[in-house]
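Open the model in your viewer and keep the selection panel at hand. The tour goes from stop to stop.

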Amino acid sequence: MVDYRIATTEDAAAIGALHVMSWHETYSGLLPQDMLTDLSADGRAAMWATVLNAPSSPDGTRAYVAESAGEIIGFGACGGQRDDTMRERGFAGEFGAIYILRSQQGAGVGRALMNLMARDLVARSMPSASLWVLRENVRARGFYERLGGTIIVEKEVAEGGTTLHEVAYGWLDLAHLI
């Protein structure tokens, strides 16, 4: 059985560890190995602690966790749109992160987290949202397309000595995810 709830600051270490593990599971072979090697669970935990400790604001980031047998197996984060281009295209909200352990994928955890985040954004008067995904992440892209996400734009991002290709997916009406 999987339980879902809003993440708290006490979850930062577990979220940080899952974030790094998920990147290794997902991006091995898609990103340069040094990018993955440089990831730190402690560093990600500190980042998530900062996010989770931030004062609440109407469009601030809110994170949700999925737990099974007392362990966090996935998480997602959503909030107000941070990308000016996406905001100009009518996407008020943003799915900033969604990571599920590979062993838990395909069991509905990601769909449930997307549903929770869509409900959250709609309740905060953000009826539309977008997200960015690595172009080569075919598995995630298929997931977003099955959920009704449409490709909006692609971009290149320079990261160290690497150029990453990202694709934005969007939902102009989050009711389709609820």
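Is Glu-136 buried, partly exposed or exposed? At 30% relative accessibility, Glu-136 counts as partly exposed. Here buried means under 20% relative accessible area, exposed over 50%, and partly exposed in between (1.4 Å probe, protein chains only).

Two notes on the ground rules. This is a predicted model, in which local features need pLDDT of at least 70 and side-chain atom pairs count only at pLDDT 80 or more, while totals for chains, interfaces and linings use all residues. Residues are numbered from 1 along each chain as its sequence is written, and side-chain values use heavy atoms, with hydrogens and water left out.

**Stop 1: salt bridges**

The term means a side-chain nitrogen of Lys or Arg within 4 Å of a carboxyl oxygen of Asp or Glu. Arg-135 is also partly exposed, with a relative accessible area of 30%. By this rule there are eight salt bridges.

Now select Glu-94 and Arg-82. Their closest N and O atoms are 2.5 Å apart. Glu-94 lies in strand E4 and Arg-82 in the loop between E3 and helix H4 (84–88), so the pair ties together parts that are twelve residues apart in sequence. Glu-94 is buried at 8% relative accessible area; Arg-82 is exposed at 61%.

Go on to helix H4. Asp-84 and Arg-87 meet in a salt bridge there (2.7 Å, N to O). The two are three residues apart, about one helical turn.

**Stop 2: the sheet**

Show the strands as cartoon. Helices (H or I, at least four residues) and strands (E, at least two) are DSSP runs, numbered from the N terminus. Seven strands form an open, mixed sheet in the order E1-E2-E3-E4-E5-E7-E6. Strand E1 (3–6) and E6 stand at the edges with a single partner each, so one side of each has no neighbour in the sheet. Two strands pair if DSSP finds at least two bridges between them.

Select E4 (93–100). Seven of its eight residues are buried. Seven bridges join E4 to E3, and the two run antiparallel. Look for Cys-78 opposite Phe-95. On to E5: E4 and E5 pair in the parallel sense over two bridges, with Gly-93 opposite Ala-129.

Next, E6 and E7. They are antiparallel, with nine bridges. Glu-156 stands opposite His-165 in E7.

**Stop 3: the helices**

Select H5 (109–123). H5 lies across E1, E2, E3, E4, E5 and E7, at about 155° to E4. That angle is between N-to-C directions (0 to 180 degrees), with axes fitted to C-alpha atoms, for helices over the stretch in contact. Contact means heavy atoms within 4.5 Å.

Then take H6, residues 138–146. Its buried residues are Ala-140, Arg-141, Gly-142, Phe-143 and Tyr-144. They pack against E4, H5, E5, E6 and E7. After H6 comes Gly-148, with a positive phi near 90°.

**Stop 4: the core**

Finish with Phe-95, Met-114, Tyr-144 and Trp-171. These have the most contacts inside the largest nonpolar core, which has 49 residues. Such a core is a set of buried Ala, Val, Leu, Ile, Met, Phe, Trp, Tyr and Cys residues joined through side-chain atoms within 4.5 Å. Centre on Trp-171. Among the residues that Trp-171 touches are Phe-95, Met-114, Tyr-144 and Gly-148, not counting residues up to four places away in sequence.
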